[in-house]
Amino acid sequence: SIGVTFKNNTVYDNYALQLYVQRSQNVTIDGNLLYHTGNPNFLRGGVPSSCLAINSEAQFADSMTIKNVRVTNNIMTGCKYNVDSGIRIISATPYRNVRIENNIIHQDRFDVAQVPNSSNIAFANNLWSTQPPASASGPGDVVGNPDLMHQVGSLPSGGVDAGWFGIQPSSPAIDTARQLPEVSTDFFGQPRLGVPDIGAYERGS
């Protein structure tokens with residue numbers, strides 16, 4: 001796929017993956033909520049699936065590979081791996097200009113990321129609930145509880161409303177995001193002014 005924008009969506013409890021970017025270019029993933037409630041009907045191998053996976057599967061005949069992918073200001077929670085060319089990024093196949101910035105990655109168990117070492121995959125200003133591997137770490141990162149308005153484990157499947165994106169006044173996400181000219185509004189359409197917040201919700205707006 002070329003020229004895809006996936007913005008302001010709620011995706012949850014999928015068996016395989018919540019969101020999969022495969023052999024695609026010029027892709028924007030911004031301001032989404034990706035989560036798994038742990039519903040046993042949607043476990044894979046007894047565990048939740050990944051929130052986000054990025055991959056260039058080698059068995060296809062065409063030469064399309066991952067290029068120009070921006071993953072910004074999303075909330076990912078409750079999945080097995082949150083970044084691993086999937087916050088999970090899979091394998092060391094060629095990647096060009098992949099940016100993963102200003103996201104909240106919240107996990108109570110399992111690894112927060114599986115990512116190969118690559119100079120073409122850049123992480124910055126993400127809020128991780130636990131320390132990510134060195135391959136997923138970047139400048140401006142924050143490690144700690146994001147202090148979301150609601151925790152996904154307390155919500156029924158499909159019971160998430162827009163307020164779930166909110167962050168409490170104590171959240172370390174506030175005023176710690178990187179300013180990105182491509183991201184001018186939050187999930188609710190409010191402007192991101194001054195030093196923006198990490199995640200899909202701009203509390204200061």
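Me: What is the bridge partner of Thr28 in S7?
Reply: That would be Arg70. Bear in mind that this is a predicted model.

Me: Okay, and how do S4 and S7 pair, parallel or antiparallel?
Reply: Strand S4 (residues 25-30) and S7 are parallel, with five bridges between them.

Me: What else does S7 pair with, and over how many bridges?
Reply: S7 is joined to strand S9 (residues 95-101) by six bridges, and these two strands run parallel. Within that pairing, Ile66 sits opposite Tyr95 in S9.

Me: Is S7 mostly covered or mostly open?
Reply: Mostly covered: of the seven residues in S7 (residues 66-72), five are buried.

Me: Switching topic, what's the strand order in the six-stranded open sheet?
Reply: The order is S2-S5-S8-S10-S12-S13, and the pairing is parallel.

Me: Which strands are at the edges there?
Reply: S2 and S13, each of which pairs on one side only.

Me: How many bridges join S5 to S8?
Reply: Three, with S5 and strand S8 (residues 75-77) running parallel. Tyr35 is found opposite Thr77 in S8.

Me: Now aromatics. How many aromatic pairs are there?
Reply: The structure has four of them. One is Tyr12 with Tyr35, whose ring centres are 5.2 Å apart and whose planes are at 20°, so this pair is stacked.

Me: Where in the chain do those two tyrosines come from?
Reply: From distant parts of it: Tyr12 belongs to strand S2 (residues 10-12) and Tyr35 to strand S5 (residues 33-35), 23 residues apart.

Me: Tyr35, buried or exposed?
Reply: Buried, because its relative accessibility is 1% and the cut-off for buried is under 20%.

Me: How accessible is Phe188?
Reply: Phe188 has 39% relative accessibility, so it counts as partly exposed.

Note on methods
Residues are numbered from 1 along each chain as its sequence is written. This is a predicted model: local features need pLDDT of at least 70, side-chain atom pairs count only at pLDDT 80 or more; totals for chains, interfaces and linings use all residues. Side-chain values use heavy atoms; hydrogens and water are left out. Rings of Phe, Tyr and Trp (its six-membered ring) pair if their centres lie within 6.5 Å; planes under 30 degrees apart count as stacked, over 60 as edge-to-face and the rest as tilted. Helices (H or I, at least four residues) and strands (E, at least two) are DSSP runs, numbered from the N terminus. Buried means under 20% relative accessible area, exposed over 50%, partly exposed in between (1.4 Å probe, protein chains only). Two strands pair if DSSP finds at least two bridges between them.
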